[in-house]
Amino acid sequence: MSEKFIKRENASEESAAMRPAVNVVEDATGITLYADLPGVPKEKLSIHVEGDNLILEGELEINSPPNMEAIHAEVDRSRYRRVFTLSRELDGDKVSAGFRHGVLELRIPKAEHAQPRRIVVQAT
């Protein structure tokens, strides 16, 4: 993950929720963030940008069979939360998202001023 583009917030701010595993892939035009959110339906997923913070939140929906109670559970919280601080080189207004099979895919393009550009040389 390129620390110049995105960094994690303090873990204590997110302690009341599980922190989803996240992979960040950078290319010349921006970053793509993949977050694992198993058990979260699309309707209970929230993604928003506040200032330079990208906030991911999702509520788990764990359905137990009727008349059964778990005697052991490794999931002790019912929601996910992760906060990232976005670099000024990224355009938080143009975030796009997809969600499939419990994996959130966010595309965050670089801001116009940070995009690579070609300069045409003219003969003089």
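Analyst: **A loop and its surroundings**

Histidine 101 sits in the loop that runs between β7 and β8 (103–109). Strands here are DSSP runs of E with at least two residues, helices are runs of H or I with at least four residues, and both are numbered from the N terminus. Do keep in mind that this is a predicted model, where local features need pLDDT of at least 70, side-chain atom pairs count only at pLDDT 80 or more, and totals for chains, interfaces and linings use all residues. Residues are numbered from 1 along each chain as its sequence is written, and side-chain values use heavy atoms, with hydrogens and water left out.

The backbone of histidine 101 deserves a look: its phi is positive, near 55°, and the residue is not a glycine. Most residues other than glycine have a negative phi. Histidine 101 counts as exposed, at 71% relative accessibility (buried is under 20% relative accessible area, exposed over 50%, and partly exposed in between, with a 1.4 Å probe and protein chains only). Asparagine 67 is another non-glycine residue with a positive phi, of about 60°. Asparagine 67 belongs to the loop between β5 (53–59) and β6 (79–86), and with a relative accessibility of 84% it is exposed too.

β7 and β8 belong to an open sheet of 4 strands, ordered β2-β3-β8-β7 with antiparallel pairing; two strands pair if DSSP finds at least two bridges between them. Strands of a sheet pair through backbone hydrogen bonds. The edges are held by β2 (22–27) and β7 (96–100), each with a single partner strand, so one side of each has no neighbour in the sheet. On average, neighbouring strands of this sheet are turned by 15° against each other, direction ignored (axes are lines fitted to C-alpha atoms, for helices over the stretch in contact, and angles run from 0 to 180 degrees between N-to-C directions).

At the β2 end, 6 bridges join β2 to its antiparallel partner β3. Valine 25 stands opposite threonine 32 in β3. Tyrosine 34 comes from strand β3 (residues 30–36) and is partly exposed, at a relative accessible area of 33%.

Aspartate 27 and arginine 107 form a salt bridge, with their closest N and O atoms 3.0 Å apart (a side-chain nitrogen of Lys or Arg within 4 Å of a carboxyl oxygen of Asp or Glu). This pair links distant parts of the chain, since aspartate 27 is in strand β2 and arginine 107 in strand β8, 80 residues apart. Aspartate 27 is partly exposed at 36%, and arginine 107 is partly exposed at 21%.

The structure holds 5 salt bridges. In one of them, the side chains of glutamate 57 and arginine 81 meet at 2.7 Å, N to O. Glutamate 57 lies in strand β5 and arginine 81 in strand β6, so this pair ties together parts 24 residues apart in sequence. Glutamate 57 is partly exposed at 22%, whereas arginine 81 counts as buried at 19%.

Stepping back to the whole protein, there are 0 helices and 8 strands. Of its 124 residues, 32% count as buried. The accessible surface comes to about 8,700 Å², with 47% of it belonging to carbon and sulfur atoms (Shrake-Rupley method, 1.4 Å probe; for residues, only the protein chains shown count as cover). Among contacts between residues at least 6 apart in sequence, 58% join residues at least 24 apart, a contact being heavy atoms within 4.5 Å.
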